[in-house]
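Please read the numbered points below with the model open alongside.

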Amino acid sequence: MSVMVFGDKSLDLSLPRVMGILNVTPDSFSDGGKHNSLDSALKQAERMIDDGADFIDVGGESTRPGAAVVGEQEELNRVLPVVEAIKARFNVIVSVDTSTPSVITGSAALGAGLINDVRALEREGALEAASSTALPVCLMHMRGTPQTMQQSPSYSDLVDDVERYLITRIEASIAAGINKENIILDPGIGFGKTLIHNTTLLNCTGRLLDLGHEVLIGVSRKTMIGDILGVPVSERLYGTMGANASTYMKGARIFRVHDVKPHVDMLKVMHQIEESRNA
Ligand code: 7PJ
């Protein structure tokens, strides 16, 4: 059993877990910022929790390619009230999608259970902030910055490069006092990657698992799905489920998605089949 403690909740990660995405930005690409008032954010969170989400991932910075940079105070204003309100009402793990030290410590003080950083705690002060919370962290690989990352990304050896980067960040995290057992890894689908980079990394999920950490996958509605299927954001659910099912079979255990119910049902059935023994 691989039990991980996320603040006030423990989760057995031998089972697949679903993380529902809650964007609290005015420019989120797939919900158009519909959830940037507290009330609608809470409604969205409640629905995802009813649908079986184990985590609600609250993000106040859009990191889609070319997105505007958000200031620290603005990010605090977007994220903290939502973290606080969710923890006051629901029994769920709140994950914060942030790179900002004050958002990390502020969210932890309000009951957040996971620090999810697309910059793998590279921002100044982030390692120390995350370490001070004693919470688990998700370290994601990105090449470049959200503003520039999709400008002809290239690698000398893709999987080696991603693996080496994550090892460097694991070592930096441990040196800052973060427990090895509290580190989750993420290949960073769409963050400085072409279609072939993305599919290769998903196919090589086992390489990240070999580093001895749980793996989180965030592929929901992304360009990668659109590139394969030639469909807009609104029609990427089935493709997203295909990508997530594929990485579940390779050992990924946390799935960051917009569409919680379809993934909860899919993963429940997949898990039960995988668990079955000769009757
Ligand atoms: C990811 C994320 C991801 C993790 C975003 C989007 C862009 N966090 N935050 N992994 N993506 N850990 O959802 O399209 O892939 S924001």
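1. A right-handed β-α-β unit is formed by strand 5, helix 3 (residues 101-109) and strand 6. The model is a predicted one. Within this unit, strand 5 and strand 6 (residues 114-117) are paired in the parallel sense, with three bridges between them. Asp 97 has Asn 116 of strand 6 opposite it.

2. Strand 5 also pairs with strand 4 (residues 55-59): the two run parallel and are joined by five bridges. Here Ser 95 of strand 5 has Asp 57 standing opposite. The chain passes from strand 4 to strand 5 by way of helix 2 (residues 72-89), in a β-α-β crossover that is right-handed.

3. How many residues of strand 5 (residues 93-97) are buried? Five of its five residues are, and the strand is described as mostly covered. The cover extends to both faces: one side carries the buried residues Ile 93, Ser 95 and Asp 97, while the other carries Val 94 and Val 96, which are buried as well.

4. A salt bridge links Asp 97 to Arg 256, with 3.1 Å between the closest N and O atoms. Because Arg 256 belongs to strand 10 (residues 254-257) and Asp 97 to strand 5, this pair ties together parts that lie 159 residues apart in sequence. Arg 256 is likewise under the 20% limit, at 15% relative accessibility, and so counts as buried. Asp 57, Asp 97 and Arg 256 are linked in a network of salt bridges.

5. Asp 39 and Lys 43 are joined through their side chains at 3.2 Å, N to O. Both residues lie in helix 1 (residues 38-50), four residues apart, which is about one turn of the helix. Lys 43 has 55% relative accessibility, over the 50% limit, and therefore counts as exposed. A salt bridge also connects Arg 47 with Asp 51, where the closest N and O atoms are 3.7 Å apart. Arg 47 has a relative accessible area of 56% and is exposed.

6. Which side chain of opposite charge is nearest to Asp 186? It is Lys 222, at a distance of 6.6 Å. A salt bridge requires a separation within 4 Å. Asp 186 is buried yet has no salt bridge. Asp 186 is located in strand 8 (residues 183-186). Leaving aside residues up to four places away in sequence, Asp 186 touches Cys 138, Leu 139, Met 140, His 141, Leu 166, Leu 208, Leu 216 and Gly 218.

7. When residues up to four places away in sequence are not counted, Ser 10 touches Val 3, Met 4 and Val 5. Ser 10 and Gln 150 are 140 residues apart along the chain, and their C-alpha atoms are separated by 37 Å.

Definitions and conventions: Residues numbered from 1 in each chain as written. Predicted model: local features only at pLDDT ≥ 70, side-chain atom pairs only at ≥ 80, totals over all residues. Heavy atoms only, no water. Buried < 20%, exposed > 50% of the residue type's maximum accessible area, 1.4 Å probe, protein only. Lys, Arg positive; Asp, Glu negative; His and termini not counted. Contact = heavy atoms within 4.5 Å. Pairing = 2+ DSSP bridges. Right-handed = clockwise from strand over helix to strand, strands pointing away.
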